Amino acid sequence: MTTTATATRTADAPAAAAPRWTRVELLPPLVLAVLGAVLLAPGHGLWFDELFTAEVGRRPLPEILRAIVTGEGVTSYLADVPPSYNAPYYLVVHAWTSVPGLDGDTSLRVLSVLATAGGLALVTRALTRLAGRATGVLAGLVLATAPLLLEQAVEARSYGLAVLATGGALLGLVRWLQEPPRGLVLFGLAGAGMGLAHWYAVTVLAAFVVAALLLRHRAAVRVAVTGVLAVLPVVALIGVNLLNGTGARNAEHLRDTGGTLADLAVEAWAGGRTPLLYLTVGLAVVGALRGAGVRVVGTCWVLVPLLLLVAGELVRPLYHPRYLMVGLLGLGVLAAAGATALPRGARAPVAAALVGLSLLASSPLAVREPRERSDELVRLLARVQQAGEPVVAADQRAALGLDHHTRTLAPRLRPDVVLPPDDAPSGADRVWLVRRLVDGEPVPTDDDAVLAGAGLSLADDSAFPGTKTDLVLQLWTR
């Protein structure tokens, strides 16, 4: 038993001094930052989820905390959409936007890019210590160019912070494996941050604990205890959400995969590109079998979250591609380990193919259409609306974009803005109505009957299609 344990430590967690830090390890976060800047360059306006981040983050801290605890919304038209679900993220956003010069829309996305880049720096460093510089840097590059990661890295949501916390937990684990008890505090603090950034990241924390137990057996009891303690904050957060009635608020957006969760997850990681999918999975298998230093950690990183979520599907639908992103980072890590485990002559071309195919799969992101165009709609309104003409939001999605962008882009419109639950005024001769389209048709609201009953009729409309939300600006006149 002692001989076997010693062999396992030598193969998967070398106790020798880690390689010294070099500048080449900064390549993955630098690549991520450059690609993030390219994706942000078109300057598309925020869409509904990001607008919600912006509107919650700008509120006074006591108001945010009260809404989190009570499960109440921060606006009249989003009374049933409280900030409880991703509460820690909104607190971070509040602190970030409180810094002078960082209160703009773009800064929210920059926060995500910086957090993701920081997470990749930590992952690269951890894997360099664990498996060598070639594997560490290649793994970082594979993650930095992955379509699923890049898509989430440039949005004003909590996934960048989840990647940052995951990188910290991994580095803490590797430090503990090589120089116990060093790294245990980092592992615990970052592990807590993982779950607070996104609940599903707890499955990856569990994977790290399982890896430690497999590698160090009884000596890993401290890691397991630390992992349990790190889960307590997210358990408390889930408890708050259950008590205020918002724990299952997003359940309707999740799908039942019918047992195909693993297939769908891997397809999402590869951006739907078959060559990248096959190459990634094939190299990941090689990495799981022959990847020096990272076999156990990488395999647990992939399998434990998938097994937990597959088991969870027996209770309720769980699948959304971005929810699995932190767990799928392990797939990229194993693929990189597989590439560096190949015969020497094949390593460089296969590594280049892996990164190149990832870039190719990510390239459509650079030319994607806006997810929502409420900013363009408000700019048009600012040109055509005359003072005193009501501007009415007919539904929640229309209201959030109109509320935010009239505050940031066209303050002169604010006195004429009418937000739900208020209906369109019946006494005006000209009314601008902003509403959402579903399947090309306006979502029915009470405003139609109010305006028609007041003798107004639809005179003109302008459509603003987006990949997530389709909006239309209507002019009603007598």
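Colleague: How much space lies in the largest cavity?

Modeller: This is a predicted model, in which local features need pLDDT of at least 70, side-chain atom pairs count only at pLDDT 80 or more, and totals for chains, interfaces and linings use all residues. Residues are numbered from 1 along each chain as its sequence is written, and side-chain values use heavy atoms, with hydrogens and water left out. A cavity is a set of points, on a 1 Å grid over the protein atoms alone, where a 1.4 Å probe fits but cannot get out; points are joined across faces, edges and corners, and a volume is the space filled by probe spheres set on them. For the largest cavity this space is about 160 Å³.

Colleague: Of the residues that line the largest cavity, which are the closest to its centre?

Modeller: A search of the whole structure finds three cavities of 30 Å³ or more. The largest is lined by 17 residues, where a lining residue has an atom within 4 Å of a point. The closest to its centre are Leu-39, His-44, Arg-109, Val-154 and Arg-368.

Colleague: How many residues of the lining of the second largest cavity are charged?

Modeller: Charged means Asp, Glu, Lys and Arg; Ala, Val, Leu, Ile, Met, Phe, Trp, Tyr, Cys and Pro count as nonpolar, and the others, Gly among them, as polar. The largest cavity has eight nonpolar, three polar and six charged lining residues. In the second largest cavity, ten are nonpolar and two polar, and the number charged is none.

Colleague: Which element gives the largest share of the lining of the second largest cavity?

Modeller: This cavity holds about 90 Å³ of space, and its lining includes Tyr-200, Val-302, Leu-309 and Leu-328. Two elements give two or more residues to that lining, helix H15 (295–312) and helix H16 (325–340); helices (H or I, at least four residues) and strands (E, at least two) are DSSP runs numbered from the N terminus. The largest share, four residues, comes from H15.

Colleague: How are H6 and H7 oriented to each other, roughly parallel or roughly antiparallel?

Modeller: Axes are lines fitted to C-alpha atoms, for helices over the stretch in contact, and angles run from 0 to 180 degrees between N-to-C directions. Angles under 35 degrees count as roughly parallel, over 145 as roughly antiparallel, 65 to 115 as roughly perpendicular and the rest as oblique. Helix H6 (residues 105–131) and helix H7 (residues 133–144) pack at about 150°, with axes 7 Å apart. The pair is therefore roughly antiparallel.

Colleague: Which residues of H10 make the contact with H11?

Modeller: Helix H10 (residues 184–197) and helix H11 (residues 202–216) pack at an angle of about 150°, their axes 8 Å apart, and they are therefore roughly antiparallel. Contact means heavy atoms within 4.5 Å. H11 contributes Val-202, Val-204, Leu-205, Phe-208 and Val-209, while H10 contributes Phe-187, Gly-191, Met-194 and Gly-195.

Colleague: What is omega for the cis peptide bond that joins Pro-180 and Pro-181?

Modeller: Most peptide bonds are trans. Pro-181 is found in the loop between helix H9 (159–178) and H10. The bond joining Pro-180 to Pro-181 is cis, with omega of about 5°.

Colleague: Where is the place of Pro-421?

Modeller: The peptide bond from Pro-420 to Pro-421 is also cis, with omega near 10°. Pro-421 has its place in the loop between strand E2 (417–418) and strand E3 (430–438).

Colleague: What is phi of His-217?

Modeller: Most residues other than glycine have a negative phi. His-217 sits in the loop between H11 and helix H12 (221–243). Its phi is positive, near 50°.

Technical notes: 1 Å grid on protein atoms, 1.4 Å probe; cavity = no way out; pocket = protein on both sides within 12 Å on 5 of 7 lines; lining within 4 Å.
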